[in-house]
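We'll take a sheet, then a pair of helices.

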Amino acid sequence: MGILWLLFYFMVLKIVTFNARGLMNVYKFEKVKELCRNEDVILLQETNWKENVMEDIRKRWEGELLVNNEEEKMGGGVAVLIRKDRGIKTKIIYNDKKGKCMVVEIEMEEDNFVLVNVHAPNGEKEKKIYFNVLADVIEKWGKVVIAGDFNTVFSKMDMANGMVFKSDGGRKELRSLMEEKNMIDVWRERNGKKKEFSRRQLVGNFMCQTRIDYFLSTRNLEGFIDGIFYKETTLSDHKMVLMTMDFKRQTKGPGVWILNTEVLKNESFKKEIEIILDGRKKDQMYMEDKRQWWENVKYDIKKYSMNYCNLLQKVKRTKEREIRRTLKEELNKNEVDVQKVIEIENTLRKIEEEKCKGAMLRSKAKYTVEGEKCSRFFFNLEKSRGRAETIKELKSRNGQVVSDTGGILKEVKSFY
């Protein structure tokens, strides 16, 4: 029982990233340790550590300590702290020697990925070069997590009201990297249009707030991410960002959403889409970066369409229940009005036909039998395709049948 629990424990990885704004004070370091006591991996930016304090710092950390210090000036230094006895193996792949970036390979049991600790420069030119170099460094790696202080906002949603969203070459370079590696902004992906800020800065009487600290992940790791959130602290003007990865069980996503084109016949729907397009044309990004502008527009249209279709389905389900109730009441009468029953059944048949069309669309059926009556075929096909895409067991090279998730993943990996 103890061994099984230990294996499960090692399959869960908790990571935190934090721009500490200086950790020369060892007592502040102790406070950071306390706040991150439950995390397995701690990514720190702007440590300001110099070689003369490293001996004391190492005495205060029992696990593995990987550092990239900036010796010449303040405002630099990144570090990766691995907690002791977590079953994590590490290998430094890249170190920029400027205290701004460190790329580490993380290995846990049969799972491994590349973890990047970033503290991007403020200047636009330097930022472009920084992300361009990083893209080259991680190019050959398939599973990648990038975390830290990017000094870049992706959109106006990541800024407080009253702040100006400016053109940023560094942001374009980062976007390009994400597209090439098929990466996502994990928190934004899960929180839609919700506003959250990771840094606050008082300028005069105005509180500037932005979200510049985040986790990026390749899509092939998305299903292993269990949760992500921001944590307030008085130790810095940056918040901590905490993310948990569970390699034991891959979480299923919401699946593919397909627009039922029937809604395009609805005038109110088309009018709302036009309003979204007209409103977005007023954005500054429309003139500066039409590619990013179009990505934002598509996101808005998809979110509105999903909400609209969900509301439409609720109305239809309510109407269907009412029709079925009316039909039942009519059939239970002593004297049944046959003509009324036929009319109700015809109405119900239309609803069922429409539902069947939706099932056909979702099941990705490649053909429809001409004149076939609406039946359970496509509903069952939709379910069976989902089951068919799941590997339930494999026969290993030595002839043994493997059915547990870990064993299946191991066999697939060794085969390829």
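What follows is a short tour of a predicted model.

Let's begin with the sheet. Strands of a sheet pair through backbone hydrogen bonds, and they can do that in parallel or antiparallel fashion. Here we have an open sheet of six strands with mixed pairing, and its order reads β5-β6-β7-β8-β12-β9. The edges are taken by β5 (88–95) and β9 (183–185); each has a single partner strand, so one side of each is left without a neighbour in the sheet. Ignoring direction, neighbouring strands of this sheet are turned by 20° against each other on average.

β9 runs antiparallel to β12 (residues 213–218), and three bridges join the two.

On to the helices. How do α8 (residues 267–280) and α10 (residues 290–331) cross? Their axes come within 10 Å, at an angle of roughly 155°. Angles over 145 degrees count as roughly antiparallel, and therefore α8 and α10 are roughly antiparallel to each other. The crossing of α8 past α10 is right-handed.

Which residues meet there? From α8 they include Phe269, Ile273, Ile276 and Leu277, while α10 brings, among others, Trp293, Trp294, Val297, Ile301 and Tyr304. Sorted by class, the contact of α8 with α10 has ten nonpolar, three polar and three charged residues. Glu272 and Arg280 in α8 and Asp300 in α10 are also part of this contact.

Note on methods: Residues numbered from 1 in each chain as written. Predicted model: local features only at pLDDT ≥ 70, side-chain atom pairs only at ≥ 80, totals over all residues. Heavy atoms only, no water. Axes fitted to C-alpha atoms, helices over the stretch in contact; angles between N-to-C directions. Helix = DSSP H or I, 4+ residues; strand = E, 2+ residues; numbered from the N terminus. Parallel < 35°, antiparallel > 145°, perpendicular 65-115°, else oblique. Left-handed = near helix turned anticlockwise from the far one by under 90°. Contact = heavy atoms within 4.5 Å. Nonpolar A, V, L, I, M, F, W, Y, C, P; charged D, E, K, R; others polar. Pairing = 2+ DSSP bridges.
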